[in-house]
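Below is a short report on one protein model.

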Amino acid sequence: MAGLPYIVGNWKMNGTRGMLAEARAMDRAAARFPKVQVAVAPPATLLYRVRDAVELIGVGGQDCHAKESGAFTGDISAPMLKDAGADFTIVGHSERREYHGETDADVKAKAEAALAAGLAVILCVGETEAQRDAGNAEAVVSAQLDGSCPHFDGAPEKLSVAYEPVWAIGTGRVPSIADVAAMHAAIRNRLVGIYGEGGADVRILYGGSVKADNAAELLAVPDVGGALVGGASLTAESFLAIVGAAASLNT
Ligand code: PGA
């Protein structure tokens, strides 16, 4: 597995201009952690402003439409994200899948549109609690990967997969380290099945209640190449503690 640990903040529907100070603080501190790749995905309204406010950290969208333009009121296309300064976009977050009815096919089309626009992609997958309790977590995630992984010829580093168990998002609960290890190994196998050798270079992030006090343990798991962080990415202080944990593992 290649690449620096990748720590990405997902601000979700949080943030107005007052949050720019947090982005600036994250960016300044990122200079102290050259062995960690740091990025944030602010709401679309702040994308351009965050881009303007930072120098070192990556900036991305939280979703994109599959089409380049057209009569899709309220939607934002991948070329628009790129134009606003995005380096990447998240697609297929479970909140999009659940509240906006996005299917694997939708997520795949979005990921392909993003890659075609020159954006890197963080593709989210993860099982619900009921699916895990039924013993189906790996099968569910495997099927999500089969249905939503983009077809593309570019560098595998352009794609990251974020494993985010739905029941761990925003709840303070995290899977056991053994479960994270087993799932990340299963995802790696599936990615190699889908992409061949290139699948070994796709980064796999863990997401769901990552905090300063569990980050080091989660990031030390084989095939955990970084973290997608929601709540703890909203202040520079809590986010940088996670970045620091990644840096201390990667010296
Ligand atoms: P959380 O969110 O860190 O607040 O659990 C993670 C995510 O949804 O990406």
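## Report on the predicted model

Gln-144 sits in helix 7, which spans residues 137–148. The model is predicted. Gln-144 is buried, because its relative accessible area is 12% and the cut-off for buried is under 20%. Leaving aside residues up to four places away in sequence, Gln-144 touches Arg-97, Asp-104, Val-125, Gly-126 and Cys-149.

The table sets the two residues side by side.

| Residue | Relative accessible area | State |
|---|---|---|
| Gln-144 | 12% | buried |

Next come the aromatic rings. The structure holds two aromatic pairs. Phe-152 belongs to the loop between helix 7 and strand 6 (159–163), whereas Tyr-195 belongs to helix 8 (residues 177–195), so the pair ties together parts that are 43 residues apart in sequence.

The last topic is the largest pocket. Its space comes to about 530 Å³. The lining of the largest pocket is made up of 21 residues, and those nearest the centre are Ala-44, Gln-62, Asp-63, Arg-96 and His-100. Helix 4 (residues 94–99) contributes the most to this lining, with three residues. By type, the lining of the largest pocket divides into nine nonpolar, seven polar and five charged residues.

Technical notes:
Residues numbered from 1 in each chain as written. Predicted model: local features only at pLDDT ≥ 70, side-chain atom pairs only at ≥ 80, totals over all residues. Heavy atoms only, no water. Helix = DSSP H or I, 4+ residues; strand = E, 2+ residues; numbered from the N terminus. Buried < 20%, exposed > 50% of the residue type's maximum accessible area, 1.4 Å probe, protein only. Contact = heavy atoms within 4.5 Å. 1 Å grid on protein atoms, 1.4 Å probe; cavity = no way out; pocket = protein on both sides within 12 Å on 5 of 7 lines; lining within 4 Å. Points joined across faces, edges and corners; volume = space filled by probe spheres on them. Nonpolar A, V, L, I, M, F, W, Y, C, P; charged D, E, K, R; others polar. Phe/Tyr/Trp six-rings, centres within 6.5 Å; stacked < 30°, edge-to-face > 60°.
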